[in-house]
Amino acid sequence: MAANMLVIITGYGSIKPKPWKKAYLNMSVENANERFLKEHPEARDITVVKVSFDDEFVISSNGEISSSFV
């Protein structure tokens with residue numbers, strides 16, 4: 001099992017097309033989502049990505065995140 005977990009949440013508001021993005025380290029998906037919604041209660045189209053890793057992960061040029069534990 002990986003030692004760390006990164007939860008990345010993206011959501012959009014109804015007025016601005018620019019997304020809100022937040023990353024939470026070593027937090028459960030449920031807690032991260034709850035915290036994101038407290039900061040952005042009007043967020044819509046929410047996407048959650050969970051990445052488990054030991055000490056490093058890779059973000060490719062197209063934005064994909066990977067580790068040996070995905």
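**Start with the sheet**

Show the cartoon first: you'll see an open sheet of three strands, ordered S2-S1-S3 with antiparallel pairing. Strands here are DSSP E runs of at least two residues, helices are H or I runs of at least four, and both are numbered from the N terminus; two strands pair if DSSP finds at least two bridges between them. S2 (20-25) and S3 (44-53) are the edge strands, each with a single partner, so one side of each has no neighbour in the sheet.

This is a predicted model, so keep in mind that local features need pLDDT of at least 70 and side-chain atom pairs pLDDT 80 or more, while totals for chains, interfaces and linings use all residues. Residues count from 1 along each chain as its sequence is written, and side-chain values use heavy atoms, without hydrogens and water.

Now select S1 (residues 4-12): six bridges join S1 to S2. Along that pairing, Ile8 sits opposite Ala23.

**Into the core**

Next, select Val7, Ile9, Tyr24, Met27, Ala32, Phe36 and Ala43, the largest nonpolar core. Such a core is a set of buried Ala, Val, Leu, Ile, Met, Phe, Trp, Tyr and Cys residues joined through side-chain atoms within 4.5 Å; buried means under 20% relative accessible area, exposed over 50%, partly exposed in between (1.4 Å probe, protein chains only).

**Two positive phi values**

Finish with Asn26, in the loop between S2 and H1. Asn26 isn't a glycine, yet its phi is about 55 degrees, and the residue is partly exposed at 46%. Asp45, in strand S3, has a phi of about 50 degrees and is exposed at 63%.
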